[in-house]
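Take a look at the fold and the pairing of chains below.

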Protein chains: 2
Amino acid sequence: MKIEEAQTEQVIKQKAKELFFKKGLIKTTTQEIADAAGVNRALIHYYFRSREHMLSILLDEAMEEKRERVKSILSFDLPFREKIARYIDAIITYNMTYPYLENFIISETVRNKDRTEAYCARNQSRSSDLIRDQLAEEIQQGRLAPITPEHFLVNLIALCNYPMLAKPILRTIHGMTEEAYHEFLLERKQVIYMTIFKEEMPSVS
Amino acid sequence: MKIEEAQTEQVIKQKAKELFFKKGLIKTTTQEIADAAGVNRALIHYYFRSREHMLSILLDEAMEEKRERVKSILSFDLPFREKIARYIDAIITYNMTYPYLENFIISETVRNKDRTEAYCARNQSRSSDLIRDQLAEEIQQGRLAPITPEHFLVNLIALCNYPMLAKPILRTIHGMTEEAYHEFLLERKQVIYMTIFKEEMPSVS
DNA sequence: GCTTGCGTTAACAAAAATGTTAAACAAAAA
DNA sequence: TTTTTGTTTAACATTTTTGTTAACGCAAGC
């Protein structure tokens, strides 16, 4: 229709991201994406060559954006505990915006090791290096039990991501409504900080 | 060939479980399963009606077995911390036997909410109820910071399961070999216990 | 006005996977 | 030996999804 000049590509991307990363419909077909975007299916091939290639682009973008938002926090010049508090907040907030993104990242990295390597190669600094010194200091000052940066980070990310990854099963097991689970996820910001530091989380402005 | 009398069904199941839960090949086709089992593809339909139905059976069995092994530990008459130590050990050990089972459980429960509900309905006792009293006592005695059983369990399961779920990406990010990551997972038994209780894990016989 | 090129579409082609069936086979029962 | 029953196979059919193409339309530049 040429109404929204040169925006078709973006509309397709946007709708596809919603289907994949917000609604979690991992098996969404090119036809369904085209329908959601209100365009002919052939346009998806016109702009993105193949379904596989499109998914690759979407994932790269989404992973990049998440990393950008989340990981940069570890580079700020802030006290260790405040840094971590913000990190927790950023991950959980981001997870709630794209509830199924992490599921996708994980299935894709399982299925396609090449993408994982490409992604990590692009990634300059390791998260573990960004906290190494401050973490060591906390431990040395006796404020934290000894732990390697790798384990510390895996703990942190696990505590933040898993409840979103396993939402359907956790929600059902604990017999929570959608709203109750939403609350539960927000509570977790405090809970995670408390689990790691054994003190109340300072409020993040 | 009728060589292995009446075992065909079990052979198919076994091979399918290996492909799905050990090798993580989520997209494995009925043909590939048949090949692995050394039988004609039609037999898969003969015994299991459809691919979907077979996957459903496999998952139910696997989930049931994991629950059996892992959750029963919470019912033993043991001191709280020993119970949790064993729970951690059981989950991580089981995860290492079927490295991709948890991935499957999660993708399936995302895709098919009905199965989740059926599974949970079958499940008599909530894990959170099994630890409620002992957890409350720990907290009341000041040995643990206040936390609900739900958050406590989610913490625990997250810390145990996530590193296996996200293995490909974590391994690449941290630049570990397969063997190094194996070690890392074993170390986590101690790390998780320490993270939760801030004391060394007693050795589990 | 003509033409050039991108965006768009419908129709077609091909591939990939699942599901079905009729017949062969083998072992146990009659 | 014949029958019967459950197992197995090859061949076929269907479904589902992806990928291609030729033609159409519209706007900009000549």
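Predicted model: local features only at pLDDT ≥ 70, side-chain atom pairs only at ≥ 80, totals over all residues.

Start in chain B, where H9(B) packs against helix H11 (residues 178-197) at an angle of about 160 degrees, the axes lying 10 Å apart. Axes here are lines fitted to C-alpha atoms, for helices over the stretch in contact, and angles run from 0 to 180 degrees between N-to-C directions. H9(B) is therefore roughly antiparallel to H11(B). Angles over 145 degrees count as roughly antiparallel, under 35 as roughly parallel, 65 to 115 as roughly perpendicular, and the rest as oblique.

Residues are numbered from 1 along each chain as its sequence is written, while chains are lettered from A and ligands numbered from 1 in the order in which they are written.

Which residues of H9(B) and H11(B) meet? From H9(B) come Asn155(B), Leu156(B), Leu159(B), Cys160(B) and Pro163(B). H11(B) answers with Leu185(B), Arg188(B), Ile192(B), Thr195(B) and Ile196(B). Contact means that C-beta atoms, placed from the backbone, lie within 7 Å. By class, this contact has 7 nonpolar, 2 polar and 1 charged residues. Ala, Val, Leu, Ile, Met, Phe, Trp, Tyr, Cys and Pro count as nonpolar, Asp, Glu, Lys and Arg as charged, and the others, Gly among them, as polar.

H9(B) has another partner. Helix H8 (residues 127-140) of chain B packs against H9(B) (residues 149-165) at about 110 degrees, with axes 9 Å apart. The two are therefore roughly perpendicular. Their crossing is right-handed. H8(B) brings Ser127(B), Ser128(B), Ile131(B), Arg132(B) and Leu135(B). H9(B) brings Pro149(B), Glu150(B), Phe152(B) and Leu153(B). The classes are 5 nonpolar, 2 polar and 2 charged.

Now turn to chain A. Chain A has 11 helices and 0 strands. Both are DSSP runs numbered from the N terminus: helices (H or I) of at least four residues, strands (E) of at least two. The C-alpha trace of chain A spans about 65 × 40 × 35 Å along its principal axes. Of its 205 residues, 33% count as buried, that is, with 20 or more other C-beta atoms within 10 Å of their own C-beta, placed from the backbone (12 or fewer is exposed, in between partly exposed). Among contacts in chain A with a separation of 6 or more, 60% join residues 24 or more positions apart.

How do the two chains relate? A rotation of 180 degrees with 0.0 Å of shift along its axis superposes chain A on chain B, with RMSD 0.1 Å. The two copies are thus related as by a two-fold rotation axis. In chain A, the C-alpha of Ala158(A) is nearest the axis, 2.7 Å from it. Superposition is by least squares on C-alpha atoms of residues with pLDDT of at least 70 in both copies.

The contact takes 40 residues from chain A and 40 from chain B. On the chain A side, H9(A) gives the largest share, 10 residues. That side divides into 21 nonpolar, 12 polar and 7 charged residues.

Definitions and conventions:
Contact = placed C-beta atoms within 7 Å. Left-handed = near helix turned anticlockwise from the far one by under 90°.
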